[in-house]
Each structure stands twice: as structure tokens, then as C-alpha cells.
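Good morning, and thank you for coming. I would ask you to keep the sequence and the structure in view while I speak.

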Amino acid sequence: MPTVHAPTREAGADHRPATPPVIRAGGRRISRAWPYLLIAPAVAGGVFLLLYPLLRAALISFQHFRMGELIRGGAAFIGLDNYRELLAAGEFWAVVLRTFVWTAINVVLIVGISTGIALMLVRLGRRMRTALMSVLALVWATPIIAATTVFQWLFQSRLGIVNWLLVRVGFDSFEGYSWFANGTTMFGVLVVLVVWQSVPFAALTLYAGLTTIPVELYESARLDGAGGWQVFRQITFPILRPMFALITSLEVIWVFKCFPQIWVLSQGGPDGATTTLPVYAFKIARALHRYDLGSAVAILTVVILTVALVGNLRRMLKQEGADT
Amino acid sequence: MRPRRIALNTAALAVLAVMIFPVYWMVVTSFKSATDIQSETPTLWPAHPTIEHFATAVGADGFWTFWRNSLIVTGGAVLIALVVSLLAAFAVARMRWKGRGPFIVAVFAAQMAPWEALLVPMFIIARDSDLLDSLAMLTGVYFTITMPFTIVTLRGFLAAIPVEIEEAALVDGCTRSAAFRRVIFPLLAPGLMATSLFGFITAWNEFAFVNVLIIKDQDRRTLPVWLSSFRDVFGADWGATMAAATLFALPVLIVFLFLQRRVGTGMVAGAVKG
Amino acid sequence: MTAGVGACGSGESSDGAPTGAGPTKLTVWIMDGSVTDELLEQFETEYESAHEDVDLDIQIQAWDGIGERVTAALASTDAPDVIEVGNTQVAQYSSSGGVKDLTDKIADLGGTDWIPGLAQPGNIDGRQYGIPWYAANRVVIYNKDLFAKAGIDSPPKTREEWLADTAKLNTGGDQGIYLTGQTWYVLAGFIWDEGGDLAVKDGDRWKGALDTPQALAGMDFYAKLQALGKGPKDADEANPPQHEVFAKGKVAQMISVPGGAARVLEVEPGMKDKMGFFPIPGKTADKPGAVFTGGSDLIIPEASRHQDAAYEVVKALTGEKFQSDLAKAMSFVPNRTSLAHVLDSNEGTAAMAAGAANGRATPNTPNWAAVEATQVVKQYMTAVLTGGDPAAEARKTSEAITSTLNNGS
């Protein structure tokens, strides 16, 4: 279907101006120092409150740094011992694997459901669309801690509405069922919570993207006899590919690093079934006072994420830095 | 086409119901009387509406102090992040300079920062600079947490504003800053609001840092810490807990309703340029 | 490279003498549920009127996340001046170097007959860091009306009787016993009764011992008892607070420190005179069940800026007057044996004293606090109670305990 492909590229082209237009007013060239002055505060903030603590964490990960050292100081350098201990323990690898599964399940669900909702939004009548968009935005704006508390209440074993509903529709075994006592169901509840919270942002963003696709493209595709799925695969998806890439990588980062929901709801339990890397790092530091080992986990988390997203970062650098 | 339309609307209604339900249930529970909550057959609507749970929540120790602290810290962090990010976003979106590419990548990468793991280094830094128990330190941390996303989004909004508008103003004799103030800023307002809402939500939620940075001076703690300890104190009292959660969500929802229209258009514009 | 990390400012200005301007503000951390508000206010008023140069700021701390907060406090440069810490946690802090050594004050504090269960964990290598504050162990609090209704006229003396009575009480809308799934102190008692332990020391190394036949027998009994009521299997007694559940009058028994009765009355004054106490029954009638001796010590952080003034507060809180008040108000065991007589007329503490004869402590290592913080024992209990294989779960948990005990700080 070449007729469909040709305009696609054109339409895609003006979505991402890779380099900024340079302003020249009356031939005056902007002083070279300006951009650096403008980014200076941001860089300063990042260096003092992100880079420096990160380097501190890296340093701690090479030290013997526990409760005593935190209080008295005088931590000894022990090289790679913490990393060795960590990598030798089966638990770490189990946590890494669990984190990948956790991220994959959530991101697939989030992107899938959001795409569905975005496509639905485009087709809805005006009033219905406004209503749905408002609800999505409302959910998006609900603070994580409040939402997490609500989910505890929804899934309560005795008076929770979820069990009540399930019993009502005939699943009698859910009478007084403890969702939080079993690793798999706890994991499931957390997935529902995170997906529920993440879908609005992704759906609204994708919807915004969909509205920029010229209607003519769809019409010509329809005339060519393309079905709904074909239209999505051959027009919608290619045009929105950069946006899908952005949303997917943002969601990967957010879900991978997701912490307060898990911590408040399950503290990584039961029996470690919901311990992902950030929870693991926090648990080691907080419960065992092994700040050294916790920092090593954190550094490895950064390394893993960077490796996972390195393609994305490189593409970004190429795109952004084309003519610097 | 008629049945299709109906199917579509039904599906939309189902999505709507599922999405809204947790929020709805939170609010409804907070208005139900204790006996309604304990009842074996839950009702969709409070049979005996009451505001006693809100009284319990508001009457809890330190509620207003925590509320105020949260507002100060969150508001401060969002404002600083907006100003700082706007400057940076402007440099990225409107100028060419050496190092621009790496800067953008660094900003994106900053979103990967493992904040929970920086608690101890942050504690040490705060201690060594005598900033424990200070709201300023918390504000600084939240500013840094929200900044990367703010820059990315604002840059998208800025890029969406045609450069010709700005040039025209400059030609008309405006100074650069005047051009920015009079021309760009009004166009950017929706974007600023959408971004600040995001920053607000992020900072409003944070509790891990409060626990290690605010130690002795408990009057400097914030609402999320209060909400989690509220559950310790009122464990079985779901009415009061839901009232507390509602009160916690309220400022964000108000800010949101207030900005809703602009945020909607803002998100569209910002997202496209991502 | 870590210059400055150690400069906690400790000991710089350890003297609390006010230098002219205004009273010294002393911050005191007391754990939630230790002391009634009323008694604390009374103490504050009296102390401040006796020491005009001191302004006491007493802050109530929640148990959740306390380890993290106390650690941060000890590591700060301006810590609270007095902190209450649980007797299972005091060893960890004492060995960290952040707590003031009060060895030379023992005589001044009347420490010759301190209760060992409180004094020992606060003592590391012969130096006394934690000052004993109060002790308590758990008893069974029962609802006299429900016992009468079931026709039980004397409390059970053995486990068999206890199970039979509880089953009899567990009818209609009434619960025989409200025992949550994660009340691990109670499980520890049952395990000790069987001759097992939570962990044992083997040479230099600790080893989790939940997978021994004795420990499994203890868990088995816990499960039987727990089934005779509606206590949630996935929570501990604080969620929801069990005294609130008991106050509704539909629960025949709960296992609690005697002070739990006072908290029931705060919720439901109508329960007055309806509550009785008996020691947790043992395997045979001649010996009550083993119980965990719980309690608290007081510490003064090295990072406190008013250590001398703080010491005076510790002295007052651990002194005879306040100890008597505390014991009476909360039915706690005072910190020294010579004060035991103040409890003579109290029914709840009589039951407690009977049980205390068979009191035990958690494994004596600073790392035990880390085991508590990881909550593995609680998770083990929930797993077994919700249908997990006890032997397999116990083995897994014991391994986790072993690794935590040998790898801690």
C-alpha cells in the first residue's frame, strides 16, 4: 500500500524539529555566554542535589558503611566487596528478574490500555469525551499516597468492596479473602494500582498525538480498503512512533523506579514477593542498616536502567546534537 | 452505524466507571457513618451522611501544621523548579550552543535517579551543612526531583511557539526580556500550569526524605508522613482514614479543577512536542 | 575522603547549663502506647516547676519506622536529648557509638537491682548505655461476661483446657480469642514452651531455629488457637488496634500487656469491672507459659546538646516516684526489683508477675533488631496460617534469619 506510506513520512517529519531555530534580530547575534547563563541554575541544582549525592552513594558502595560509620564516621575503603557480596547472593538476581517482570507487565498493560482509550477518545462524541478526559485527569491528579490508601481499603479482607463484589457475582471463595497475604495476589493488586495511576497520563498524551494526524490520511486509507487494524498499523503507529517511544521509555523509568506504592502497600512482602530493586535497596539500608550494600544496589540500578535505555539515549543525542 | 455508536459509548462508560471508582469510593466512604462502613452490604451512597470523620481527621494532632508545611515546601519547590527550568528550557529550545545535546540527554537521564537510595548521602550532606530539620533542604530536594521532567515538558511547549512571533517583537524594538514577557509568556501559560501541576503532585506525595531530613523538629513534618502515621493511629477507622486521604488529595484536585481547561490544551501542545 | 562524616559535633557542648538566656529546651522521645497522655503531662508540669531552667518537649513516636528515625537522630548533630528504645533494639544502638556511656552513673541511678531483662541489653562490653525504664509481659485479658455465659468459672491452667475453653467461647457472634496472625511475641512464648527458640548461637554464628520440631510444634499450637476467632491472619495486633476490637464486647480473650485493659477503658468505659486476667497457660498446670519480657530503656544520644540536663530527666523518669506512678497507671513492672511491691494490689500485674517467672528475651545480639525490621517472622506466620507448608516456610525463614543475624551492622 504505497499510497499510504508516502504521506506518512511527510507528516512525521514536521513533528520533531531536531534543532532549534536561531533567533537573530536585526542582525544582532546573541552573546555566546547566554545559553550557559540560562542553564547555570539548573546545572547547579543538578550538580549539588543530584550528582553530588550520587557520587557520595557511589563512594559509600565501595566502603564498609553501616550504622556505626554513619554515626561515628571513619568508613573504611573495601573495594568491590559489597558488589561481590551482592552479586554472589541469589536474592539479588531474583530481585532483578522480578523487577524486569514487574516493569514488563506494567508497561505493556499501561501502553496497551492507554492506546485503546486514546483511540476511543478520538471516536467519542464531544460530551462523552470531555467526561472521560476529566475523569482521567482527575485520576492522574489523585496523589499517590491517597490512592494507595484507598486501594488498601478496596481490597480489605473483611469489609473491602472488591471481595464483596466477587462474592456477589458468585465467587464465594473470596469471602474474607486476604489479598495482601499471598505473594501473587499482592503483586496483582500492585499492578492494578500502578496501571490505574499511570494510564491517564499516557492515554491523554497519546490522544493529544492522535489529534494531530490529518483526517485526510485516514480517509485515503479507508478508500484503499484498509481495515481498522491496518489503519492503526500503517498510519497511526508510524506517525506516533516517536511518541510511543517517549511514553514507553518514560513509563519504563517510572515503573522500574516505582517505590512509594509498593512500600506503603506491602513493604516488599509478603515473603519478598513484591521486592523490586528500589524497594530492595531501601529495605537493606533501612532494616539492616547496610548503607554500603544499599548504595551498591542503587548504583547497579542506575547501570541497569542506563543499559536498558542506552539505545534511546543515543538516538536522542544524535537527534538533538545534530548540529552542535 | 448506530449499534456501533452505542457499543462505543458503553465501553467508554465502563472505562469511566472503573477509573473513577477508587476516587469515588474514597470520598463516599469518608462521608459514611461508622455503622454504614461496618455493614455487610456496602451501599453506593452514604445512607446516613456525616462529617464526623473529617472532624476526627482535622482534629488529629498537628494537622494544620503539616498542611501548611506541605504547602510551603511543595509550592516553593514548584516555583523554583518552574523558573529555573524555564530558563534552561529556553536555552535548549531557542538557542544553538555547544553541549546542548549532552545537556538534553543528561536531563532525560536525570529522571532515572534512584532517589530512595540517595537518602543516606542526602542526610549526610544536610547534616554537614547544618540543614537538618529545615524546610529549605526539603524544598531543595523536591526542586531537584521535579526539575528534569519540568525542563523536558517546558521545552516541548516552548518549541511549539513559532519563533517568528518572537522575532517580530524584537524587530518592533522590544528588548529580549520584554519580548519574552509580553509575547512568549502569555502563550506559555498553559504549559507552565500543566507542568507545575505535575511538579505539585510529585512533591506533594513525597515522604521518604521527610523521614530522614526532619528529625528533631517534628513540627516540620509534612502531610504524607501524617497520612501514613494516621493509619497507625486510626488503623481500623476506615472512615477517618478515607477522610484524611480525601483532605490530602483535596489541594491537588482543587489546583487541578482550577487549571483544568488550560491544562487540557496545555498537555496536548506539550505532549506533541514531547 | 569522608572528612566531616564523623564530625557529628558529639560531645562538643555536652553541658546543659543555660548560659543566661531563657530555659533549655529538652526534647524527649517516648514511644506510642508507653505512657498515658495524662501521666506525661503531669510529669512535664512537675518537672518544669522543679527545674525552672528547663522546657520539656515530649514527643510521642510511632513504632512504624522508628529504627530509621532513631538512627538518623543518633547520627545528627542536634539529636533529641532522651530517647526511649525497645529492649530488643537498645543493644544495636548501644554498640553503634552514638549513645552516651552512663556506666559511672549506675550507682547514682540506683542501678544495683535493675531488672536484668532491661539492664543487660543496654550493656555492651561492660559499659552501660541503656538505662532500664519499665518492663511488661503479656497475659490473657478476658471478658468476664462472655466467660460466665459460656459457663466457664475458672480460667484455664493448661494449653488443653485453654483450647477447649476458647472453642466453647467461640460461638455465635462472639470470638473465642482475638489473636492476629502476626503477633510474633506470643508465638515466641509457645516455641519456648516446647523447648525451642527463635535462633540459637552455635560457636560464633547464629542460626535461625524456626524449622526445629519444637518451633514447628509451637507454630502448630498458635495456628489452632488463632483459628478460634476472627483475628486477621495478615496483620499484627496494632492493625487494627486490638484493644479497640476487644472494647466492642464480642471478643472473649486477647493477649496483651495488662496495660491493654487501660486502653480498652479509654475506648469503652463500660468495660470497667468486666475484664479479668490470667497468665498465658503453659503445657502443664504447674508452670505458666513462657513469655517474652518486653520493655524499654532510655538512652542519651552523644549528639544531644544538653547531655547533663538530659541526664537529670533520665534520673527523674527512672526514679522511684515516677516509676511508681508509671507502674500503677500502665500496670508495668518497675525497672528495679525493690519497687515490685507497688503492684501488689493490681489484679492484672499479679497475672503478669506469675508469668514473668517464666520470662524470656529475644536472641541476645545487636542484629536481632534487624530481624524484627525485616518482618520475616511475621510473614512466616501469615504464610503458615494461610495454608503454606509449615516445614518449608520455616526452613526458608530460618535461612533468612541466619543470614540477617550474621551479616548485620
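What pattern does chain B follow when it is read along the sequence? Chain B reads α-α-α-α-α-α-α-α-α-α-α-α. That pattern goes with twelve helices and zero strands; here helices (H or I, at least four residues) and strands (E, at least two) are DSSP runs, numbered from the N terminus. The C-alpha trace of chain B spans about 70 × 70 × 30 Å along its principal axes.

Two remarks on conventions are needed. This is a predicted model, in which local features need pLDDT of at least 70, side-chain atom pairs count only at pLDDT 80 or more, and totals for chains, interfaces and linings use all residues. Residues are numbered from 1 along each chain as its sequence is written, while chains are lettered from A and ligands numbered from 1 in the order in which they are written.

Let me turn to confidence. The model scores ipTM 0.82 and pTM 0.80. For single residues I shall quote pLDDT, the predictor's confidence in each residue, from 0 to 100. Chain B has a mean pLDDT of 82, with 91% of its residues at 70 or more. Within chain B, confidence is highest in helix α4 (residues 63-94), at 91, and lowest in α12(B), at a mean of 69. Over residues 269-274 of chain B, pLDDT stays under 50, and the model has 22 contacts beyond four places in sequence for that stretch. By contact I mean two residues whose C-beta atoms, placed from the backbone, lie within 7 Å.

For chain C, the mean pLDDT is 85, and 94% of the residues reach 70 or more. In chain C, confidence is lowest in helix α13 (residues 347-356), at a mean of 78, and highest in helix α8 (residues 213-226), at 94. Residues 1-19 of chain C stay under 50 in pLDDT, and the model has 33 contacts beyond four places in sequence for them.

We now come to the domains of chain B. Which domains does the assignment give for chain B? There are two entries, domain 1 (1-50) and domain 2 (62-273), with bounds that come from an automatic or database domain assignment. The centres of domain 1 and domain 2 of chain B, taken over C-alpha atoms, are separated by 32 Å. Seven residues from domain 1 of chain B and six residues from domain 2 of chain B form the contact. On the side of domain 1 that touches domain 2 in chain B, α1 (2-31) and α2 (34-38) each supply at least two residues, and α1(B) gives the most, with four residues. That side of domain 1 divides into four nonpolar, two polar and one charged. In this classification Ala, Val, Leu, Ile, Met, Phe, Trp, Tyr, Cys and Pro count as nonpolar, Asp, Glu, Lys and Arg as charged, and the others, Gly among them, as polar.

Next, the contacts between chains. How many residues of chain B are in contact with chain A? In chain B, 86 residues are in contact with 88 residues of chain A. Helix α12 (residues 238-273) of chain B provides the largest share of the side of chain B that touches chain A, 15 residues. That side of chain B comprises 64 nonpolar, 14 polar and eight charged residues.

Between chain C and chain B, the contact takes 22 residues from chain C and 14 residues from chain B. Helix α2 (residues 66-75) of chain C gives the most to the side of chain C that touches chain B, with five residues. By class, that side of chain C has ten nonpolar, seven polar and five charged residues.

Finally, I shall describe a pair of helices in chain A. The axes of helix α6 (residues 126-141) and helix α9 (residues 183-210) of chain A come within 8 Å and cross at roughly 130°. Axes are lines fitted to C-alpha atoms, for helices over the stretch in contact, and angles run from 0 to 180 degrees between N-to-C directions. α6(A) and α9(A) are therefore oblique to each other; angles under 35 degrees count as roughly parallel, over 145 as roughly antiparallel, 65 to 115 as roughly perpendicular and the rest as oblique. In this contact, M133(A), L136(A), A137(A), V139(A) and W140(A) of α6(A) meet W196(A), P200(A), F201(A), A203(A) and L204(A) of α9(A). The residues of this contact divide into ten nonpolar, no polar and no charged.
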